[in-house]
Amino acid sequence: MALLVHMLACAFGLGAWVAVNGLWVELPLIVNSLPERWELPSYLTVIIQLANLGPLLVTLTHKLCPGRLKEHIVIYSILSIGVLACILLAFFWDKTTIVAGASHSTAFFIITFFLALVDCTSSVTFLPFMMQLPANYITTYFIGEGLSGFIPGVIALAQGVGMAKCVNSSETAGNHTGENMWSLQTVYLPPNFSTEVFFFLLAAMMCISLAAFVALNRLPRTYELSTENLLPDAVAPVSSGLDNPGAETDGEGGKSKGEGAAQSKLPEHTVYQLTFIYFMVVWVNAATNGLLPSVQTYSCMPYGNLAYHLSAALSSMANPLACIIAMFFQNRSLVFLGVLMALGMGFGSYNMAMAALSPCPLLQGSVAGEVIIVLSWLFFTGTLTYVKVMVGVILRDRSHSALVWCGAAQQMGSLVGSVTMFPLVNIYRLFQSGDLCNTKCPL
């Protein structure tokens, strides 16, 4: 029975970010069909930031009306919205409307907002619900949350990407001459299964998460308490690495002996060190959630659809893998994290430089160029994700207040990155798109 509860906790965590992660890995197929084309990721980063309205409302309700908000009702609601939104996305993702004289993916943007609202709100509702269960199940929940990025990436790899080819197309030159003018057009071949099928698979994963939550919510509380210590002792170090150790106090409000010993081993950070830690939080989240995702199309598409497809899918899989590595191999040295952040930003700088050179980046048309851009995105995501996790661990062990400020710094960095890139991409047009068949680049 304990194994079943672990499976339910893992399936519940799957619904945390599966929808948004699924959208990102499907973009290589979507950008060629929607009118925004290469500008589409910059729209998504802003929409996702706007969806933080959900967790803001939940937090304000907890502060202003303590005890009035029923978390299980909120979770039922957002998971149901997630299932419905994924189904609607399968039917309406490519429907466009005319706004301000131009065609826009209005339906896609609206549905994406609700999917992002679901995933953002899950950050402040799923984990508090899991706190009602024994601590052993929290680790399993985090594994499920990691799978919310890994599984869409695997499905995207299985889906493949429609390879592009150039075909001749004729147009009549004029009414009097009757001559035909020939031009090359890019035609994209279909993938192994359609975008609609992919969105239905996302809906199925959201249904699994909803069903798991229904089962977990109906567990008898007596059973939950009786299974607290059923996992082997070997799991304890991992669990203690993920969860806040020694959060309990004795009757007089003092810390227990175990906690006091653990806290005494934690290094004290100076003001300069704390400033550097929060700078890393802001900068890393600005880069990974705003600056670079907004221009991933410009960075990868000049190398072909396959390069973009692999970059998006493998980066989505690198995120949870980096989190797992951080669980077992923790290095809290600020020097090490600073060097790792600089290394990650080196890869990010290369990605940004290739986006700035679009549609004619370095090594375009060569296998080496494709391999380098895919690996650069993979290592960019993996290294900075490790830094984010370890900085979170450092601040969590420091105090609850430090962790709250960490969350605020994360949101601020993501917002600044998204808002900075949107006008650069969509208003000032600093990044140029291209066409596989018609873009002429100097040798």
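Reader: Leaving aside neighbours within four places in sequence, which residues is Phe422 in contact with?

Author: Phe422 is in contact with Ser42, Tyr43, Val46 and Ile427, where contact means heavy atoms within 4.5 Å. This is a predicted model, in which local features need pLDDT of at least 70 and side-chain atom pairs count only at pLDDT 80 or more, whereas totals for chains, interfaces and linings use all residues. Residues are numbered from 1 along each chain as its sequence is written, and side-chain values use heavy atoms, with hydrogens and water left out.

Reader: Why is Phe422 called partly exposed?

Author: Buried means under 20% relative accessible area and exposed over 50%, with partly exposed in between (1.4 Å probe, protein chains only). Phe422 has 23% relative accessibility, so it counts as partly exposed. The residue lies in helix 18 (residues 400-426); helices are DSSP runs of H or I with at least four residues, strands are runs of E with at least two, and both are numbered from the N terminus.

Reader: What makes helix 6 largely enclosed by the rest of the structure?

Author: Of its 17 residues, 12 are buried, and therefore helix 6 is largely enclosed. Among these buried residues are Phe108, Phe109, Ile111 and Leu115. What covers the buried residues includes helix 2 (18-30), helix 5 (71-92) and helix 9 (195-217).

Reader: How does the span of helix 6 compare with the span expected?

Author: The expected span is 1.5 Å times one less than the number of residues. Helix 6 (residues 106-122) reaches 25 Å from its first C-alpha to its last, close to the expected 24 Å.

Reader: What is the accessibility class of Val167, and why?

Author: Val167 has 27% relative accessibility, so it counts as partly exposed. Val167 lies in strand 3 (residues 164-172). Not counting residues up to four places away in sequence, Val167 touches Ser183, Leu184, Gln185 and Val187.

Reader: Which C-alpha separation is found for Val167 and Cys437?

Author: The two C-alpha atoms are separated by 8.7 Å, although Val167 and Cys437 are 270 residues apart along the chain.

Reader: Why is Phe92 called partly exposed?

Author: The relative accessible area of Phe92 is 38%, and therefore Phe92 is partly exposed. Phe92 lies in helix 5.
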